[in-house]
Amino acid sequence: MEKSSYKFTVALIYDFDGTLSAGNMQEYNFIPAVGKSNKEFWSEANDLAEEQDADQILTYMALMIRAAQAKGISLRREAFQECGKGVELYPGVMEWFDRINSYGEQRGVKILHYINSSGLKEIIEGTAIADKFQKIYACSFLYNIDGIAYWPAVAVNYTNKTQFIFKINKGVESVYDTKQVNRYMEEKSRPVPFSRMIYVGDGTTDIPCMRLVKNFGGHSIAVYNPKDKAKRAEMNTLIRDNRVNHVCPADYTDGSEIDAVVKAVIDKCIADYNVELLEIAK
């Protein structure tokens with residue numbers, strides 16, 4: 001469908017770890033490669049943060065560099081991307097994006113997918129779904145002239161995740177650009193109004209974003225591992241506390257609960273759009 005044929009755009013924004021994939025992305029290849037258990041790695045990173053009164057995201061990134069250097073593991077971007085190939089995705093994720101895109105296109109709606117993660121961008125770039133996203137907002141490293149990671153370039157924690165919601169709202173994809181995102185723009189001129197955003201996350205690190213999107217008229221969905229049936233009752237407190245609109249298992253197969261919810265939200269956006277047209281016509 002030609003760009004001019006779309007009525008409007010809906011943005012689907014996802015956390016990654018625990019949302020599209022079970023566990024943390026570093027646990028599939030990187031942590032075993034440096035000879036640590038998951039518990040050892042994360043305990044060391046968290047202890048360092050507490051000891052230095054530091055950000056936990058920055059300490060895990062520092063530990064990745066230190067642990068890789070100690071074991072002679074490559075710190076090139078390509079090595080991190082190679083780790084991404086081993087990341088296991090939840091059921092239906094591989095087919096999800098094309099199916100939802102098709103659903104929107106049949107109704108004249110353009111669907112854009114974004115990642116908003118505290119995980120590592122370079123690892124996500126190596127996954128089988130990397131090309132499905134309009135933009136991947138996540139932690140990343142600076143690389144020296146030899147292509148070796150040596151310092152954090154972007155660190156995404158649970159509060160500064162919200163900045164990327166505003167970037168999507170205004171169509172500013174650059175992480176570096178802070179001028180355009182803070183420039184005044186009329187609501188009707190913004191590429192993706194908050195009311196046409198759907199945020200999908202799995203836990204406490206996503207609450208500021210989920211609450212932000214929900215409070216501005218969008219829809220937030222909290223997901224949990226389908227194998228953990230008891231988790232639903234815990235996640236339902238997020239609805240009670242007015243933090244999310246829906247709770248669903250992280251099963252993205254055709255006909256699943258989240259499949260029905262997302263399609264219903266797209267339909268609601270279309271209905272709201274048609275009502276707006278009727279109001280303008282009066």
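Reply: Leaving aside the neighbours within four places in sequence, Asn38 is in contact with Glu27 and Ile31, where contact means heavy atoms within 4.5 Å. The model is a predicted one, in which local features need pLDDT of at least 70 and side-chain atom pairs count only at pLDDT 80 or more, while totals for chains, interfaces and linings use all residues. Residues are numbered from 1 along each chain as its sequence is written, and side-chain values use heavy atoms, with hydrogens and water left out.

Asn38 belongs to helix H2, residues 38-52; helices (H or I, at least four residues) and strands (E, at least two) are DSSP runs numbered from the N terminus. With a relative accessible area of 32%, Asn38 is partly exposed, a class that falls between buried, under 20%, and exposed, over 50%, for a 1.4 Å probe and with protein chains only. Between the C-alpha atoms of Asn38 and Asn24, which are 14 residues apart along the chain, the separation is 9.2 Å.

The aromatic side chains come next. Rings of Phe, Tyr and Trp (its six-membered ring) are paired if their centres lie within 6.5 Å, and a pair is stacked with planes under 30 degrees apart, edge-to-face over 60 and tilted for the rest. By this rule there are 13 aromatic pairs. Phe30 and Phe80 have ring centres 6.3 Å apart and planes at 40°, so this pair is tilted. Distant parts of the chain are linked here, since Phe30 is in helix H1 (residues 30-33) and Phe80 in helix H4 (residues 77-84), 50 residues apart. Phe30 has a relative accessible area of 2% and is therefore buried, and Phe80, at 1%, is buried as well. The pair formed by Trp96 and Tyr252 is edge-to-face, with 5.2 Å from centre to centre and 75° between the planes. It too links distant parts of the chain, with Trp96 in helix H5 (residues 93-106) and Tyr252 in the loop between strand S7 (246-249) and helix H11 (257-281), 156 residues apart. Trp96 and Tyr252 are both buried. Phe30 and Phe80 also belong to one aromatic cluster, together with Phe41, Trp42, Tyr60 and Phe141.

Charged groups also lie over rings, a placement that requires NZ of Lys or CZ of Arg within 6 Å of the ring centre and within 35 degrees of the ring normal. Arg107 lies over the face of Tyr103 at 3.5 Å from the ring centre, and Arg196 over the face of Phe8 at 4.2 Å.

Glu276 is in helix H11 and Arg196 in the loop between helix H8 (179-182) and strand S5 (197-201), so the bridge ties together parts that are 80 residues apart in sequence. Arg196 is buried, with a relative accessible area of 14%, whereas Glu276 is partly exposed at 37%.

Asp98 and Lys132 form another salt bridge, their closest N and O atoms being 3.2 Å apart. This pair links distant parts of the chain, Asp98 in helix H5 and Lys132 in the loop between helix H6 (121-125) and strand S3 (135-143), 34 residues apart. Both partners are partly exposed, Asp98 with a relative accessible area of 45% and Lys132 with 24%.

Within helix H11, Lys268 and Asp272 lie four residues apart, about one turn of the helix, and their side chains meet in a salt bridge of 2.9 Å, N to O. Lys268 is partly exposed at 39%, and Asp272 counts as partly exposed at 34%. Salt bridges that share partners also join Arg99, Asp254, Asp259 and Lys263 into one network.

On the surface, Leu142, Tyr150 and Trp151 form a nonpolar patch with about 340 Å² of accessible area together. Tyr150, in strand S4 (residues 149-154), is partly exposed with a relative accessible area of 44%.

Key
Patches are made of residues with over 30% relative accessible area and no salt bridge: like charges are joined within 9 Å, nonpolar side chains (Val, Leu, Ile, Met, Phe, Trp, Tyr) within 5 Å. Accessible areas come from the Shrake-Rupley method with a 1.4 Å probe; for residues, only the protein chains shown count as cover. A salt bridge is a side-chain nitrogen of Lys or Arg within 4 Å of a carboxyl oxygen of Asp or Glu.
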